[in-house]
Amino acid sequence: SRWLEAYSDGLGISLEDMAGVYLLPEIMSSIEKWIPGLNLPIFGCSSLFGLDSNSNPIHGRIFDYALVGTYDQFERTVHYKLKGGPSIWSASSSGIFLPSLTCMNEHGITLAVHQKANRFFDWNGSPLFKIVYNLMRSCENKADVIKYLKKVHSMTSWCLNLSFADSNDIMSVDITGKKIAKIETELVPGKFSYFNNAPIENSKHHTSCQPFTHHEYCQMRAASMNEKSAPYQGLPVSAEDVLKMLALPKAIKAESAKEWNLDTVTASSVQIATMNAADGHALLVPGSAPKYLKGEAVSQNGIWSKMSCETINIPVDKVDENYMLGMSEYSKAMAFNDKKNKRFSYHHIQMAEEYLHHYPEKWVAQFFFHVFQYIDTKDRRDYEILLNKFNTVSKNLPPGLDEQAKLFIFRIETILHGKSKMSASEFKIPALKGLYEFEKMLKPFMLKLLKKMINPRLDALDVLYTYYKGDFK
């Protein structure tokens, strides 16, 4: 488009390079179409909707992704006033020139993009950035959006979460090519609606390519939101209240993680914001990821008229410093693991375990530390020690991760003794049971060879395997 051409000229790079940057999310989102079993991470997003004291929708949004140390370091907001269209506000990061992942327009529409696991790709479709930009530029209400989306042909699969100030309606829409699936509801005072990355349709197309513990990953965050929003039920909320529900960690001490639920704000939260399109107001959590609310927020007011920006204080209960440090170390371990830097991955995950000693997250950090060890272990004695550690940690993990730990117990027992006492009945998640059945046919030396194809995903609370090409549900 001419906008892409103008931006590439301004940056001094070729139009082809610029287009490649904006097509990258589409390719990464659906790369399993060409490389089954690669299982790259997906966005771990959250959207929370409620009504304020003036009955205006507030849209809270968390953007989680494996971009810690990059996206959050160059975070910015942009106010677009392009000829022939409405004013549009967008929260993004440097280099993203179109309103896309988190945005709103002066007609009262807010929008947050969530990714949905998929293998769909169509070169004839439109990329996400174009779809969102055209929606925000051309639509004024829900009827406009529905009419527009019926004509959309997406390149891959995405979810758009929207609120509409003129009707107090909200909508979550999964788009896959020319097909849409949506949930529509009207906001009611004192009630909240929450969406994350769970598919709207539980069809085989959507569930077959989800990571192993994705269902549990979404369920845990929904349970945490129900818990955190309970004190606000029945009351009008402010943007500050919504930010607290999203960005203030629970940080509850516990001896085990078996009953633990992953919080709404995670170690990979690189952006947290609220949007009120009716009032032209936004709040953002400043600083580096993970984006925990620490008592300050950036407030942007009068966005559609004369915008002002200031840092405001939001009174919050002080969170244990050890917890904050522990989750920061976990976030760093995640980032270095993505960069294949073993030395710093080992260091930061051990530091996380130390700081989180009194919290259930300790067991999660300990599990991933043992996964790191398993991948590098060669000595029989080290395998024996690691087997004992996995046996201990497996009894203290939440659903999903506990079965992943059992897989490692099965592998080590097979490597040490040629067979394992583990049976298929230990696995409730169909995909992990299928993986167990697949690996049970392999000789010990093959399990050793496959170790380098194990991909621990600290952000998604999962372990992925590039050698397993079976359906995930």
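Reader: Hey, quick one to start: is cysteine 45 buried or exposed?
Author: Cysteine 45 is buried in this predicted model, with a relative accessible area of 0%.

Reader: OK, and what about cysteine 309, buried or exposed?
Author: Cysteine 309 is exposed, and its relative accessible area is 52%. The cut-off for calling a residue exposed is over 50%.

Reader: How many disulfides does the structure hold?
Author: The count is 0 disulfides. Cysteine 45 isn't in one, and the nearest cysteine sulfur belongs to cysteine 159, 9.1 Å away. A disulfide needs the two sulfur atoms within 2.5 Å.

Reader: Switching topic: how do H11 and H12 pack?
Author: H11 covers residues 380–394 and H12 covers residues 401–417. Their axes are 9 Å apart, at an angle of about 155 degrees.

Reader: So what do you call that arrangement of H11 and H12?
Author: Roughly antiparallel, because the cut-off for that label is an angle over 145 degrees. The crossing of the two helices is left-handed.

Reader: Which residues meet there, between H11 and H12?
Author: On the H11 side they include Tyr383, Leu386, Leu387 and Phe390. In H12, among them are Phe408, Ile409, Ile412 and Leu416.

Note on methods. Residues are numbered from 1 along each chain as its sequence is written. This is a predicted model: local features need pLDDT of at least 70, side-chain atom pairs count only at pLDDT 80 or more; totals for chains, interfaces and linings use all residues. Side-chain values use heavy atoms; hydrogens and water are left out. Buried means under 20% relative accessible area, exposed over 50%, partly exposed in between (1.4 Å probe, protein chains only). Axes are lines fitted to C-alpha atoms, for helices over the stretch in contact, and angles run from 0 to 180 degrees between N-to-C directions. Helices (H or I, at least four residues) and strands (E, at least two) are DSSP runs, numbered from the N terminus. Angles under 35 degrees count as roughly parallel, over 145 as roughly antiparallel, 65 to 115 as roughly perpendicular and the rest as oblique. A crossing is left-handed if the near helix is turned anticlockwise from the far one by less than a right angle, and right-handed if clockwise. Contact means heavy atoms within 4.5 Å.
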